[in-house]
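Me: Could you take a close look at one part of this model for me? I'd like to hear about the pockets first, and then whatever connects to them.

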Amino acid sequence: MSFKLPELPFAHDALEPHIDARTMEIHHGKHHAGYTNKLNAAIEGTDLEGKSIEDILTSGTLSVGVRNNGGGYFNHCMFWDVMSPNGGGSPEGDLASAIDRDFGSLEAFKEAFSNAAATRFGSGWAWLCVKNGKLEVCSTANQDNPLMKGVDCDGTPIMGIDVWEHAYYLNYQNRRPDYINAFFNVINWEKVAANYAAAV
Ligand code: MN3
């Protein structure tokens, strides 16, 4: 049994103009596919084979290959899931209440999340996590994520944004903040709320 590249839950061009079709084709079909294939190669014949990706990532000290490609596999699965062509707007229900409780307002959350994403030097991700029942924002380098031990950002991730240049460079070049602003227009808040409900 090996990991499979998940189908995108929408067409490549469905997130335009916020995220362009060519970026989605390469990001999903090349980058995510590459992490998936390399993860399978890295766990083949080891005691990690057959485990869930969550169990692998939380299992302790990971080899470089499992860390980079297992992180890349998980992170991109979550990324596609938390975006939608019908996304944007505002969260509702328990997630909306928790954002108000832990950040003060949706605007204050957006500012904290944008800041984490914009200030991550080089390649990495920014996250919305649940830690001890509370929402927190943080960021990780490379393909690390909050499930891994020893990263400076721990909790259960419920939403992530990819800030590697491959995620935005074709359309936004060096303008990472514009890409981050555009991401808010495609957030699938219903999915993030479901992730929140599962995490608390
Ligand atoms: Mn990526």
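**Pockets, metal site and core**

Reply: Happy to, and let's begin with the second largest pocket, which holds about 190 Å³ of space in what is a predicted model. Its lining includes S84, N86, G87, G88, S90, P91 and E92, along with I187, N188, W189, E190 and A193. By class, that lining has four nonpolar, six polar and two charged residues.

The largest pocket has a volume of about 230 Å³. Its lining is made up of 13 residues, and E54, F74, M78, P157 and N195 are the ones that lie nearest its centre. Here the classes are seven nonpolar, three polar and three charged. Helices α2 (53-57), α3 and α8 (189-199) and strand β3 each supply at least two lining residues, with the largest share, five residues, coming from α3.

The manganese ion is coordinated by H27 (NE2), H76 (NE2), D162 (OD) and H166 (NE2), at 1.9 to 2.1 Å. H76 lies in α3 and H166 in the loop between β3 (156-162) and α6 (169-172), so this pair ties together parts that are 90 residues apart in sequence. Both H76 and H166 are buried.

Now for the largest nonpolar core, which has 60 residues; F109, L135, M159, I161, Y179 and F183 have the most contacts inside it. Helix α3 (residues 64-81) again gives the largest share, seven residues. Leaving out residues up to four places away in sequence, I161 touches F79, F113, A117, G124, W125, A126, Y179, I180 and F183.

How values were computed
Residues are numbered from 1 along each chain as its sequence is written. This is a predicted model: local features need pLDDT of at least 70, side-chain atom pairs count only at pLDDT 80 or more; totals for chains, interfaces and linings use all residues. Side-chain values use heavy atoms; hydrogens and water are left out. A nonpolar core is a set of buried Ala, Val, Leu, Ile, Met, Phe, Trp, Tyr and Cys residues joined through side-chain atoms within 4.5 Å. Buried means under 20% relative accessible area, exposed over 50%, partly exposed in between (1.4 Å probe, protein chains only). Helices (H or I, at least four residues) and strands (E, at least two) are DSSP runs, numbered from the N terminus. Contact means heavy atoms within 4.5 Å. Donors are N, O and S atoms within 2.8 Å of the metal (3.2 Å for Na, K and Ca); water is not among the atoms, so sites may look incomplete. On a 1 Å grid over the protein atoms alone, a cavity is a set of points where a 1.4 Å probe fits but cannot get out, and a pocket is an open set with protein on both sides within 12 Å along at least five of seven lines; lining residues have an atom within 4 Å of a point. Grid points are joined across faces, edges and corners, and a volume is the space filled by probe spheres set on the points. Ala, Val, Leu, Ile, Met, Phe, Trp, Tyr, Cys and Pro count as nonpolar, Asp, Glu, Lys and Arg as charged, and the others, Gly among them, as polar.
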